[in-house]
Structure formats: structure tokens, C-alpha cells
Amino acid sequence: MSRIHAAMQRILLAAVVSLTVSACHGAPKDMPGDAGDRAPFHDISEHERIRVIGTEPFWNGEVANGRMTYTTPDEPQVKAFPVARFAGRGGLSFSGDAQGVPLVLAIAPGNCSDGMSDRAYPFTALLKIGEETRQGCAWTDARRPVERDSSSTESR
């Protein structure tokens, strides 16, 4: 991957992470959080494993030790490839090449639902593979999904 291509991916991902965080927190359209904060995102350490899942279409993956795995029901064979980590102000991104196709995964803090279970995930995920964009949820071993108590809600 050329340096120009990698830089373009990071710029695109920074915009995606910022939009994802804004959407999750209802923040203004400009950059979320404290505008004076210049520290890179640190809620997920470089040594943590990140798991991701999405629906419609279904997909899942994992990022650990500089590598990402990715599967779908249509392509159940696990694809594994190296990724570069980028810690922005509002989240993380991972970029790589999935068998000749550019891939960018953005992770940002925010309550997330997979739409299929009663789990609440601590992070949102946005996956761009080539021209296709997929949304999903993410978690780490330190910040796991929690079961929501569906028995406390009543139908009206």
C-alpha cells in the first residue's frame, strides 16, 4: 500500500470515526468532545483484542496483535491479514489489505445494539471493504457487552 493511499485512508477514517461518535452521542456536527483535547484515543490499549460483529449482512471479525480476521456466512473461511492501527481523537481505526481489497475498520465509543439480541455493546464499528460499508458493534475483553433486562420493559 502506498504512503499516499495509507494517508488518504487515515483521513477518511478520521472523518468516519468523528461522524460515528457524533451520531452515537448526539454531539454537534463538528468534532465531538473537548476541542482542546489533542490526546489520541486510549480507551482500548494496543494489547487488547477487539471483537466486531454486524448484521444485514452478517459479518464478524477480530483485531489482535496487528492482525485482523474477518468472516461472513457466505464466506465462512476465516480471512486473516495484517492491519495498521491509528488512534485518533475519538476512536481507533485499522487499515489493511484484505486479499487485494482495501479495508478500514473504525471503532468508536458508544452504546450499540446488534438488533438481534438483548446485548448492549460498548463500541460502534464501521467497516469499509472496497466500496462497501458495513455497520456493527465492538467489544474487548475489558469492556464486554452486557445483557439488557428486557423483562423490565412493558408492551403498551
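The chain exposes about 9500 Å², with 53% supplied by carbon and sulfur atoms; accessible areas come from the Shrake-Rupley method with a 1.4 Å probe, and for residues only the protein chains shown count as cover.

I note that this is a predicted model, in which local features need pLDDT of at least 70, side-chain atom pairs count only at pLDDT 80 or more, and totals for chains, interfaces and linings use all residues. Residues are numbered from 1 along each chain as its sequence is written, and side-chain values use heavy atoms, leaving out hydrogens and water.

Overall make-up. I found 1 helix and 9 strands in the protein chain (DSSP runs numbered from the N terminus: helices are H or I, at least four residues; strands are E, at least two). The order from the N terminus is α-β-β-β-β-β-β-β-β-β. Of the 156 residues, 39% count as buried, meaning under 20% relative accessible area with a 1.4 Å probe, protein chains only.

Strand E2. I then turned to E2, residues 59-64. Trp-59, Gly-61 and Val-63 make up its covered face, while Asn-60, Glu-62 and Ala-64 make up the uncovered one.

E2 with E1. E1 (residues 50-54) pairs antiparallel with E2 over 5 bridges; pairing takes at least two DSSP bridges. I see Gly-54 opposite Trp-59. The hairpin has 4 residues between the strands, and Glu-56 in the turn has a positive phi of about 50 degrees.

E2 with E3. E3 (residues 67-71) runs antiparallel to E2, joined by 5 bridges. Glu-62 stands opposite Thr-69. This hairpin has 2 residues between its strands, and I noted Asn-65 in the turn with a positive phi of about 55 degrees.

Notes:
Buried < 20%, exposed > 50% of the residue type's maximum accessible area, 1.4 Å probe, protein only.
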